[in-house]
Amino acid sequence: MSNESAFDAASAVIPGGVNSPVRAFRSVGGAPRFLVSGHGPYVVDVEGREYVDLVCSWGPLLLGHAHPQVLDAVHQAVSRGLSFGASTPSETELAETVIARLAPRTAAPIVEQLRLVSTGTEATMTAIRLARGVTGRPLVVKFAGHYHGHSDGLLADAGSGLATLALPASAGVPAEIAAQTLVLPYNDRAAVEAAFAQFGPRIAAIIVEAAAANMGVVAPAPGFNAFLAQTAHAAGALLIVDEVLTGFRVSPAGWLGLEPVEADIVTFGKVIGGGMPLAALGARRSIMEHLAPVGPVYQAGTLSGNPVAVAAGIATLAAADAAVYARVDEVAATIAEATSTALRDAGVSHAVSRAGSLFSIQFQATLAHDYVGVQRQEAFRYGPFFHAMLDAGVLLPPSPYEAWFVSAAHDDDALNRVLDALPAATRAASAAQP
């Protein structure tokens, strides 16, 4: 079977041939790769071709593919049963692990209780419902270019001004629901102040990616997240910090371990499940006790806290020691710097954007700090660059607006494959035409 025939077969029975849109390669062209296995820093497609993986399942695989400790934990969990629809002791163990990782990072506890769910979308959706239930207010502030899952209220585009109610960003989202969201430019303090001046008493929460990683990587300006906390709290609103991507990836305590801020609710995903469907939200006890069955904010899920997923999460966090984070940082720095050098040698205007171990390339000379700025780049250069890397056996995110992810399993052999692929790829980017 070829990747093309696999895609044709999938397209006959699955909309667009994929179960998540970015997998379709629409941003880069060509047939998507259909993967059948992974080991360490590598993945293998249906044609038997091996690639150095710089996607890492969009973040969960901090330890690499098929890590023995994680596989052993999953196999043991599977042998006991796949799902019970009831509580298990392992859920408590994972919650205790997460709380312990965050506890030393801030003066006052941010997370005292955790609710496990199945996806990042479910975590952020519940966090917003919880914030509305706690405050009794309807509106939520988010930032253009930040992605918090595909629930209706978060699929919103900015209105015509800095402080106007949002418009639907997807068919099927009623305007009345989108209008409960204010979409503001990222890293723009004046826009936040204007929104609160106009709507402050109606705003339940600000939701922000701890560091933006869904418009490429765009780090928060120094002090911006702390400013959001101060602004929200002064108005009686909450701050939701979305660490679905950064949580336990950029440090042992996620972004909050690098930049402690007074968040009220934190969402987690990806690494917390070690490659299995698992996510969570956490907060102080006084906030979390608004959730059912203790409080009036309802949330439920048959597979919430699934024992197999929880086992993978516990094993991943147990193995994620200081050496793992040091290696991930080293690999990310090496690839980012080598890519920048190769692009510079090829005469391609670019900027490397990094937030911890997350990074991406902007094809423009000046680093952008918001979504409008990111969109100004010469994105047409990414497709040829991507395919040249793919031809050389390196799998990148199939969009210029996604983060690159590495793992502690990326050894020197994998790194050398990436470095060897860069000269041809950067020449392809240089020759690209709009």
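I began with E330, which is partly exposed at a relative accessible area of 44%; I use buried for under 20% relative accessible area, exposed for over 50% and partly exposed for what lies in between, with a 1.4 Å probe and protein chains only. I note that this is a predicted model, in which local features need pLDDT of at least 70 and side-chain atom pairs count only at pLDDT 80 or more, while totals for chains, interfaces and linings use all residues. Residues are numbered from 1 along each chain as its sequence is written, and side-chain values use heavy atoms, with hydrogens and water left out.

I then looked for the partner of E330 and found a salt bridge to R327, with the closest N and O atoms 3.2 Å apart; the term stands for a side-chain nitrogen of Lys or Arg within 4 Å of a carboxyl oxygen of Asp or Glu. Both residues belong to helix α11 (residues 322-345), where 3 residues, about one turn of the helix, separate them. For the element names I rely on DSSP runs numbered from the N terminus, helices being H or I with at least four residues and strands being E with at least two.

My search of the whole structure gave 5 salt bridges. One of these is between the side chains of R284 and D264, at 3.3 Å from N to O. The pair links distant parts of the chain, 20 residues apart: I placed R284 in the loop between β12 (279-283) and α9 (285-288), and D264 in the loop between α8 (255-258) and β11 (265-268). R284 is partly exposed at a relative accessible area of 28%, whereas D264 is buried at 3%.

I checked the peptide bonds and noted a cis one joining A292 and P293, with omega of about 10°; P293 sits in the loop between α9 and α10 (307-319).

Where does A66 lie? I found A66 in the loop between β3 (50-53) and α2 (68-80), and its phi is positive, about 55°, although A66 is not a glycine. A66 counts as partly exposed, at 41% relative accessibility. K270 is a residue other than glycine with a positive phi, near 55°; I located K270 in the loop between β11 and β12, and at 27% relative accessibility K270 counts as partly exposed.

Two packed helices are described by the angle between their axes and the distance between the axes. For helix α3 (residues 89-102) and α10 I noted an angle of about 35° and axes 9 Å apart; the axes are lines fitted to C-alpha atoms, for helices over the stretch in contact, and the angles run from 0 to 180 degrees between N-to-C directions. The contact, meaning heavy atoms within 4.5 Å, is made by S90, E91, E93, L94, T97, V98 and R101 of α3 and by V310, G313, I314 and L317 of α10. I sorted these residues into 5 nonpolar, 3 polar and 3 charged, counting Ala, Val, Leu, Ile, Met, Phe, Trp, Tyr, Cys and Pro as nonpolar, Asp, Glu, Lys and Arg as charged, and the others, Gly among them, as polar.

S151 is in the loop between β5 (139-143) and β6 (156-157), where it counts as buried at 12% relative accessibility. Leaving aside neighbours within four places in sequence, I found S151 in contact with T121 and M125.

I counted 14 helices and 15 strands in the protein. The radius of gyration is 21 Å, close to the 22 Å that the globule rule gives for 434 residues, so the protein is as compact as a globular protein of that length; the radius is taken over C-alpha atoms, and the rule is 2.2 Å times the number of residues to the power 0.38. The C-alpha trace spans about 55 × 55 × 45 Å along its principal axes, and 55% of the 434 residues count as buried. Of the contacts with a separation of 6 or more, 72% are between residues 24 or more positions apart.
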